[in-house]
Amino acid sequence: MASLSDAILVIIVLSVIIPLGSLILISFMPPGERAFPPVHYTLDNYVYVLDKLKFYQNMFNTFYFITLAVLISLVVSIPTAYAIARLPINYHLWVLTVGLVILVKSLPPGSLLVPIYDWLWRLKLTNTPLGVAISYQVYTLPYTIWLLTSFFLDLPREIEVAARLDGAGSFSRLIHVILPISIPGIISAVIMNYLNLWNEYMYSSVMVSSSRYQTAAVILGQMVSSEYVVEWGVMAAANVLSIIPALIFVSFVQKNISRAITGGIKG
C-alpha cells in the first residue's frame with residue numbers, strides 16, 4: 001500500500017515538474033531552434049517580452065485588479081458571513097441567503113458575463129480597474145462568504161459572551177473579538193482568491209478594451225491570435241514570468257502565515 005502511494009506521489013510530482021521544466025527550457029530557445037532540449041540558449045525572449053511587450057505592466061495590472069477585488073470581497077464578505085453565522089436571522093431568510101450563495105458559486109462564471117457587462121457599462125465602469133474588480137466578484141464573493149461563514153460557525157460562541165456582557169454590540173464584537181482570531185480563515189480566503197484569479201481570462205478580456213489595462217492572461221491569450229506571430233520561445237518566457245509572482249506570493253504567505261496567526265491569537 002505504501003509503495004502504491006509513493007508511486008502515485010511520484011507520478012503527481014513528475015506531472016508538474018516535467019511540463020514546468022520543458023516550459024523553462026523552451027523560454028530560452030532561440031527563434032528558429034527546433035531541437036529539444038535546445039542546443040543554444042538565449043535571453044532574447046525575456047528581453048522581448050519585457051522591453052517590447054511591456055509585460056511587466058500587464059503583470060502589475062493583474063496584481064492590482066486582484067488586490068482590489070480581494071479587498072472588495074473581504075469588506076462585503078466578512079460582515080455578511082458573520083451575520084449568517086451569528087445574528088438571529090429569520091430561518092427562511094437564512095436558508096434563502098445560503099441558497100443564493102451556493103447557487104451563484106455553482107453557476108458557470110460565463111453565465112453572468114452579459115448582465116454584469118451591461119450593468120457595468122451603464123455605470124460607465126467598463127475599461128476601469130474598479131469595473132474589472134467588481135466583475136471578479138463572480139469568483140471571489142460566493143467563495144469568500146462560504147468559507148468565512150463556515151469558519152465563523154466553528155468558533156465557539158462563548159468567546160463573545162464577555163464582550164456582550166460588557167455591552168459590546170454585534171459590530172464591536174466582530175471587529176474586536178472575531179476578526180483577530182479569524183486571521184487564518186481570512187488568509188486562506190485571500191490566498192485562494194489570488195491563485196484563482198491570477199490566470200482569469202474571460203472577464204478581463206471582455207471588461208477591458210484598452211491596452212493600458214490588459215492583464216497578463218489576456219496578453220498570453222493574444223499571443224496565439226493573429227495579432228502576434230506565434231513564437232514559442234516568447235510565449236514560454238511570458239508564461240514563466242507570469243508564474244513567478246504567484247510563486248513569490250505563496251512563498252511569502254507560507255513564511256508569514258504562522259506569524260500572522262500567532263499575532264491574531266495574541267490580539
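Two residues are in contact when heavy atoms of theirs lie within 4.5 Å of each other. By this criterion, and leaving aside neighbours within four places in sequence, Asn 193 is in contact with Val 70, Ser 73, Thr 140, Tyr 143 and Thr 144. The structure is a predicted model, in which local features need pLDDT of at least 70 and side-chain atom pairs count only at pLDDT 80 or more, while totals for chains, interfaces and linings use all residues. Residues are numbered from 1 along each chain as its sequence is written, and side-chain values use heavy atoms, with hydrogens and water left out.

The protein contains 13 helices and 0 strands; helices (DSSP runs of H or I, at least four residues) and strands (runs of E, at least two) are numbered from the N terminus. Of the 267 residues in the protein, 38% are buried. A residue is termed buried under 20% relative accessible area, exposed over 50%, and partly exposed in between, with a 1.4 Å probe and protein chains only. The protein exposes about 15500 Å², of which carbon and sulfur atoms supply 70%; accessible areas come from the Shrake-Rupley method with a 1.4 Å probe, and for residues only the protein chains shown count as cover. Among contacts between residues at least 6 apart in sequence, 73% join residues at least 24 apart.

Asn 193 belongs to helix 10 (residues 183-197) and counts as buried, at 2% relative accessibility. Its side chain makes a polar contact with the side chain of Thr 144 (3.0 Å). A polar contact is a pair of N or O atoms within 3.5 Å; within protein, one must be able to donate a hydrogen and the other to accept it, and residues adjacent in sequence count only if both atoms are side-chain atoms. Thr 144 lies in helix 7 (residues 137-154) and is likewise buried, with a relative accessible area of 0%. Apart from neighbours within four places in sequence, Thr 144 is in contact with Ser 73, Leu 74, Ser 77, Ala 189 and Asn 193.

Aromatic side chains were examined next. Rings of Phe, Tyr and Trp (its six-membered ring) pair if their centres lie within 6.5 Å; planes under 30 degrees apart count as stacked, over 60 as edge-to-face and the rest as tilted. The whole structure holds 8 aromatic pairs. In one of them, the ring centres of Phe 60 and Tyr 64 are 6.1 Å apart and the planes stand at 5°, so this pair is stacked. The rings of Tyr 64 and Phe 65 have centres 6.0 Å apart and planes at 40°, so that pair is tilted. Phe 60 and Tyr 64 both lie in helix 3 (residues 55-86), 4 residues apart, about one turn of the helix. Tyr 64 is partly exposed at 38% relative accessibility, whereas Phe 65 is buried at 0%.

A search of the whole structure finds 1 salt bridge, defined as a side-chain nitrogen of Lys or Arg within 4 Å of a carboxyl oxygen of Asp or Glu. It joins the side chains of Asp 118 and Arg 122, at 2.9 Å from N to O. Both residues, Asp 118 and Arg 122, lie in helix 5 (residues 113-122), 4 residues apart, about one turn of the helix. Asp 118 is partly exposed, with a relative accessible area of 33%, and Arg 122 is exposed, at 59%.
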